[in-house]
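Visitor: I am new to this structure. Could you walk me through it?

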Amino acid sequence: MNRILGALGRAPAWGPPLVVLVAMLVAIEVMRPGSLSMSRLQIEASEAMTLIFIAAGQTIVVLRGGIDLSVGGTLSLATAIAATRTETATFAELLPWLVVILVIGVLIGVINGALVSGLQLQPFVLTLATWSIVSGIALVILPINQSSVPPAWFEAGNATVLDLVPVPILLLLLLLGWWAWFRRTRGAFRIRAAGSDERGAFLNRVSLTRTNLAAYAMSGFFAALAGLFFASQTGSGSPVVGTQFVLPSIAAVVIGGTSLAGGRGGILGTVIGALILNQIADVIFLVGLSSYWQQVASGLILVGVVLLAPLLAVAAERTRRTMPGPA
Amino acid sequence: MDDAPQLQAEAITKRFGGIVALDQMHFAAAAGEVHAILGENGAGKSTFIGILAGAVRADEGRVTVGGRPYLPLSPVDAAAAGIATVLQELSLIPDLTVAENVWFGSEDLTPLRTVDRRRIEARTRALFSDLGLPGIDPGTPLRSLSLGQRQLVEIAKALSSNARILILDEATSALLPAQVDWLLRTARARADAGALVLYISHRLAEVRRIADRVTVLRNGQTVGTEAMADLADGEIVSMMLGRRLVSLYPARVATATDRIALQVDAFTVAPRLHDVDFALHEGEILGVAGLEGHGQREMFLGLFGAIRAHGQVSIGGRPVTIRSPRHAMSAGIGMVLLPEDRRQQGLLLTKTVRENLVLSALGKVARFGVIDPRAEAAMVERGMQRTQVKADTPEQLAGTLSGGNQQKVVLAKLLETGARILLFYDPTRGVDVGTKAEMFTMMRDLAANGYAILFYSTDLAELANVADRTLVLSYGSVSSVLAGADVTEDRILAATMAGGARGAVVPAGSIA
């Protein structure tokens, strides 16, 4: 048992959550045979993609040692613009709007990063403020609770590329491919270094400002992308929808094994964390509990994973070759 | 040695708020020499190093490197000017691997512009074997290395750049003797090859072995630069301290009584400490010596109840089982631990001296759960006086005090609990010579007042001059008990070797 725990602790940060996710999928398959079919998994992935995107951006900010609450506002704003400004019929006409909305997301991120660095504000407080401001702008643009987006959005989001890969799966693969590359770049090392130890990073010639700008810009980009995806899946925009994704985005990051202290973790873990959160509803339903229990279960899993991580680290330390001397 | 200065600093002034850290300081050193910079904490050494490393900007003055003006705005400029620094507080990133740390910012890239892990690990292996530094796997995450190993990595990183100016700031603080020898040899080789090595250390013996010349700073000013061979240790110390020259060690007056304060039998902390027996008397300072990793840490933490231990412990003749640090500090036991790392263990840097002092004895100054300001003020005054804390007011933030004064606040706080058995675990690490002298005097005073003191130090000279008796730990057991001046580096090393029969424990990170 200790050997197994030790091996898990030495595995990458996404190891333990992957075990949890697989266990959940197996449990679902046992309770409802046929659940692990390809089409079913595609549906699951599509459902989870909005959370996956917003949490992917959150991961990068957390690796930098910050936190980005404004992603909720950015997501809402993206759907609000999609619902009110993109009165076009064809996909080709949508493309410029895609770019515009993503650029707006990046700009919001750049403003966050500049203010965090320039004013030396706590990221939590600053992004709480920008969350409020951006949400307000979303309400100004779309002053009703919900509005449909032009059908072209829906078609784009549910297309199958080359009659082979559905758009959500394609996006997920693109995200994971991008991350597999980006995590090994100097830029990612600098972001992690700055998140791990700002003083050490500075002495290693890392610009604390530029890493902040990059991390929050990516977070803004992914939040806007999450908004676009949400609009394309539901066919609607809403100036308030982002709020319900803010806390889950952080939960997915933590469940995925990324340290809130910065420097450690990655998007692969976050994707697994988001899928876990997404599966909870299914498990609750299959067990026969009311769906109100979903949030209780999410909380318990969050606490469980956070408690498990240090235990695994200790087990890994024990199985490592014994080294005397003060640690 | 080339006579034109490779590094020259003139009239450097740096203020932090109202405090003048450097005051018209000047400095010159030539290529090919090892130049030591000495001074008490607060003398301005760190600020000067910070300016050279590009981490701090001077307010006034000018620096030239190789005759050309040098005005670093950031560490980027320092690297460009050929200056590499090993900092006391390491600049490594715990979440990256050894190789990623060594080559940070100059990594080899694959065609996809990602960091080429295999290549940097191979280069790290080559670097380590060039430097004669085996035993550290380049792929290990830095956080799983011991402090000493991290220090070696930081040194290797600085050496990797073949810098014109190599700055070693307390680079040996966590190294084993063999590793210190290695560093001194390597630094000398770099100087012989034409580099300028700046060597900063609190350990005078090391400085004497390596330095050609020495510059002494005091209160932000340069006292003087002399050839090392021309100065006796006493002269160096008096240059550092100015006119208030005191002997570093107080006279050793035997104050030990025959009343046993702490009796320990068959004390074991698996797997690093076995069957240790000793008796600590009231009024006695009992030294503990040993190379890093030979069980002293386990002994102190085990006695203090911080880690699980086995064996018989008696306090004042009464058998006790100490369950936790809280239990150890309680009235029935009366034992406190003064740790080596003030920041991590014991001091709240962002709180005032007053708040720190009363923290562990709040019950004594409170009535019905509310703090009585008069009782509090009395306790604070008594505490600051007892350990001679140098602070402007009790409202000064602990973080703004010098290292030695922080240590005194911690001690004052611990004494407030009424403890009579004091465990001092390497209390002088990183403490300057003046404060050390005050601490030793204070320890002798405490002993004279009947306190029983167990004192571990990595500096054997301190044990030889302060402790009444010294236990030498070797591979987890007591290999000998030496009295007073019999405690020498040679004797302890010999005692350590003698105890080496037990094969279970191997000292960490030794240089083959």
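**Domains, helices and chains**

Guide: This is a predicted model. In chain B, the C-alpha centres of domain 2 and domain 3 lie 26 Å apart.

Visitor: What makes up the contact between domain 2 of chain B and domain 3 of chain B?

Guide: Domain 2 of chain B gives 12 residues and domain 3 of chain B gives 10 residues. On the domain 2 side, helix α15 (residues 433-448) of chain B has the largest share, four residues. By class, that side of domain 2 of chain B has seven nonpolar, three polar and two charged residues.

Visitor: What is the hand of the crossing of α3(A) and α13(A)?

Guide: The crossing is right-handed. Among the contact residues are A:L51 and A:I52 of α3(A), and A:V271 and A:L275 of α13(A). The residues of this contact divide into 10 nonpolar, four polar and two charged.

Visitor: How many residues does each chain bring to the contact of chain A with chain B?

Guide: Chain A brings 22 residues and chain B brings 29 residues.

Visitor: Which helix gives the most to the chain A side?

Guide: That is α9(A), with five residues. By class, the side of chain A that touches chain B has 10 nonpolar, six polar and six charged residues.

Conventions
Residues numbered from 1 in each chain as written. Chains lettered and ligands numbered in written order. Predicted model: local features only at pLDDT ≥ 70, side-chain atom pairs only at ≥ 80, totals over all residues. Left-handed = near helix turned anticlockwise from the far one by under 90°. Helix = DSSP H or I, 4+ residues; strand = E, 2+ residues; numbered from the N terminus. Contact = placed C-beta atoms within 7 Å. Nonpolar A, V, L, I, M, F, W, Y, C, P; charged D, E, K, R; others polar. Domains from an automatic or database assignment.
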